[in-house]
Structures are given as structure tokens and as C-alpha cells.
Amino acid sequence: MRISVGVLIGIGLGVSLAIARQAAAQDRPVGADFTDVYRVGGVNAPEWAQFTNPTRMGFDAKGNLYLLDLGGFRIVVIDSGGNLVMTVGRKGEGPGEFRTPTDVVVWRDGRFGVVDIGHAAYQLFTPDGQLERFVKMSSAAGEAGIAAARWEVRADPAGGAVIAEGAGFGAMLASVFMDELGGEQVHVVGEEGKLERLDLRGDVAVAESIARARRIPPDEEDALTFAPSVIWDVLPDGTIAYVDSTAYEISLVGPDGRTRGVLERALSPERVTAGIRSALIEHELEEMEEELEEQRERMGDQFAALFTDETLDGLRETVETQEFYSEIPVLRSLRATWEGSFWVQRRGEEPWNDGGPIDVLGAEGQYRGTLPAGDPGMPRAFGPNGLVAFVERDELDVPTIVVKRLPEEVR
């Protein structure tokens, strides 16, 4: 079953700006005036709210926000009024302590889990912050256990499990630790683009395949610029929504692995031309030169020793000789709201811009409207009663957690 979300006519292949303008002309704007609920963090924050890298977070049904502060090796739980509930964890080797935490998953009843690749385990906690179980990612011992690490992890709404994608992360980590493993070949668990349910009720996570996204391009070993990656999320009823092509096509798969349909909107991917190749290479070279200049000012005489002329020429050659996929993906991000609607972020006006407008689709796939590109962008987490969380950074790169409330039309 294919569900057409809106009908957009006359969008063909052409220059990027023309396509972006034509798409915008067909959009139905919805308001982005979200009400601030609370802000925590910043330069003058209390000690508990002095965050380092708070990028992973989730809400429970009470509106509590669970935030993984990566550099602080802790979980910070904040109530719906912006007050500290508790902090959990610290850097360490034992259960309940974190070696290399990378993600947090939150179930609606307040249970939460920390993905700790240093321990090659999922550490599961009760709503009051007590360690409940320590579940290994794999039965492999030692550092080899990280081969079961996954790129993306979401809480399974049914409880007792997480939904995860593939083993791209595990493959990368296994190669990093190859020397420590004596050069031994490590069997990587799972496959990139494969969506699985990981049962966490035992001592070791047990994977069950749910869906397999297409590998794009199927016969290429090296990553191509603009080649689409798999983007996905889990709805409250356990349905998985994912995109695995350059087109505006969102595939829906139920918890039982059965296909439930495809959501579409008639926005066509743009073909990569020589002009687009040249523009992107020029853009990336300019960005690289700006970054190198910042490094030169900060490092002083050490810069010349680290970045020789030969090294710099090699970096520029890598940018100039990169290979391209044939089309530019329409979609760049996909998230499910607490109520089961979709936020679908498109590319921006420039082909390399991921922060484009956001389409809001209802739970049945009906098109509600489009939020403009720019602030506030895609939330880090969606919660009950329209709560959403963002991260803002000031000129000193100090983070602040901002929780807002969405109007009914975009929940």
C-alpha cells in the first residue's frame, strides 16, 4: 500500500535553488512559535547543569527528561519544571559506572538504559536510578564484544528490548581494536541497514531481524558523496518508519516485520550535475581552509610541524577527487513524535545543507504542513503533552538544554 502525502505537481530535475523554491511554493506553512517551558545550563548554571556534551536524551511519560552528558559520564534527570531529579553514574569500570557511554534509551515507564561500548554492554536502570541489569552486547569476551555495537538505538515501546540498526559502529570499533586483539579477525554481529529488535531480558542481547533496508549503492564499497544513508525511527505502537533511497518514500514495517505501507510526497531527487560537483568541492575547500586557518592561529609554530605542505596538498586532493552518487537525497532526518506523528526534514536550498524545512505528517500519513528551515530545527527528543528538547550553544560553545511545548497542530 502506498499513501500519497499531498500532491505536488511539476517538480522536475534542475538547479538546486529552483527545486527548493518550487517545493516551498507547494508547501503549506505551519507556525514554529513554540512556548519555552524551561532552560537549564549555560555559563552561570548550577554545578549539576554544567554540561559538556549533552547530545543524547529522551522523555518518560511524566515529562522527565533523561540526558546523557557524554563528557561527564553521567545521566542527568530533569523534571517537567526544569528541576534536578537525580544524577546517575560516573566514570569507572564496575556495573553502574560508565567506560564509554554513547547513548541513552528511555522507556515510558521511567526505566532507562545506557549504551556503554566501553563495557560492550547495555546497563539498564529502574525509574529511581538503581542498576537493574547489565546486559552484554555479545557473548564474545573482552574488547571483541564491541563488535556487536550498533549505530542507532531506540527504546522498544513494548519494553524489555531496543530497536537497533546494523553493525556499522561495531565494524568500525572492531577495526580500531584489531591491534589489541592481536590482529585476529573479529566476526561483526549484524549488518549495516538491517533493523533488529535486541531482547535485553537475559544476560546477553539477542537479536531478531525486523526489516532490511536497501544498501545504496548496492555494489560500492567506498562511500559516495550524496549516497543516501538509512534514516529511521520507532512509533509508539512499535512500527518502524525508515527511508533507504533518494526519494521521498517512508517505508512502514510493523513490530512483526510485516510491511504496512509507504508514505510518499511528490518531491523528486535532483540529479548530480557537473555544476553541483564543482560547487560542493569549492564549498568544502573553503570550509577546510577556514578550519585550517583557525588551527594555525591556535597552534602557532606547532601547526607547520603537524600540517606539512604535503599533508595539506593531500587533504585538498581528497576533496577534489571525491566520487559522487548520481542523485541528491530529498530527506535528511526522520523522527516520530510522542503521539505517533512524523517530522520529516528535507534538504536545504544547497545540496549539502541538511537543515532544510520539516514536513509534519499525521499518524495516518496525512500532510499537516511544513515548518520553515532554521530555528528551532529538529528536536533532540519528543515527550508527552507536546514537550520537545533542543540543545543551544552560546558563543563560547557552552550548551543549554531548552525544553519547549509544541502547538497541537504539529504534535
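**Burial, helix packing and core in a predicted model**

G377 lies in the loop between β24 (367-371) and β25 (381-382). The model discussed here is predicted.

Me: Why is G377 called buried?

Reply: The relative accessible area of G377 is 16%. Buried means under 20%, so G377 is classed as buried.

Me: Which residues are in contact with G377, leaving aside its neighbours within four places in sequence?

Reply: G377 is in contact with W343, I358 and F390. As for G356, its C-alpha is 8.4 Å from that of G377, and the two glycines are 21 residues apart in sequence.

Me: What makes α3 and α5 roughly antiparallel to each other?

Reply: Helix α3 (residues 274-299) packs against helix α5 (residues 309-320) at an angle of about 155°. Angles over 145 degrees count as roughly antiparallel, and therefore α3 and α5 are described in this way. Their axes are 9 Å apart, and the crossing is right-handed.

Me: Which residues of α3 and α5 meet?

Reply: From α3, the residues are I281, E284, L285, M288, E289 and L292. They meet L312, L315, R316, V319 and E320 of α5.

Me: How many nonpolar, polar and charged residues does the contact of α3 with α5 have?

Reply: Seven residues are nonpolar and four are charged, with no polar residues.

Me: Which members of the largest nonpolar core touch the most other members?

Reply: This core has 18 residues, and those touching the most other members are F51, M57, F59, L65, I401 and V403. At least two core residues come from each of β2 (35-41), β3 (56-59), β4 (65-69), β5 (74-78), β26 (387-393) and β27 (399-405). The strand that gives the most is β26, with three residues. In soluble globular proteins, nonpolar side chains tend to be buried together.

Me: What does I401 touch, not counting residues up to four places away in sequence?

Reply: I401 touches Y38, R39, V40, F51, P54, M57, L65, L67, F390 and V391. Among these, F51, M57 and L65 are also named with I401 as core members that touch the most others.

Me: How many helices and strands does the protein chain have?

Reply: The chain has five helices and 27 strands. Of its 411 residues, 51% are buried. Among contacts with a separation of 6 or more, 53% are between residues 24 or more positions apart.

How values were computed
Residues are numbered from 1 along each chain as its sequence is written. This is a predicted model: local features need pLDDT of at least 70, side-chain atom pairs count only at pLDDT 80 or more; totals for chains, interfaces and linings use all residues. Side-chain values use heavy atoms; hydrogens and water are left out. A nonpolar core is a set of buried Ala, Val, Leu, Ile, Met, Phe, Trp, Tyr and Cys residues joined through side-chain atoms within 4.5 Å. Buried means under 20% relative accessible area, exposed over 50%, partly exposed in between (1.4 Å probe, protein chains only). Helices (H or I, at least four residues) and strands (E, at least two) are DSSP runs, numbered from the N terminus. Contact means heavy atoms within 4.5 Å. Axes are lines fitted to C-alpha atoms, for helices over the stretch in contact, and angles run from 0 to 180 degrees between N-to-C directions. Angles under 35 degrees count as roughly parallel, over 145 as roughly antiparallel, 65 to 115 as roughly perpendicular and the rest as oblique. A crossing is left-handed if the near helix is turned anticlockwise from the far one by less than a right angle, and right-handed if clockwise. Ala, Val, Leu, Ile, Met, Phe, Trp, Tyr, Cys and Pro count as nonpolar, Asp, Glu, Lys and Arg as charged, and the others, Gly among them, as polar.
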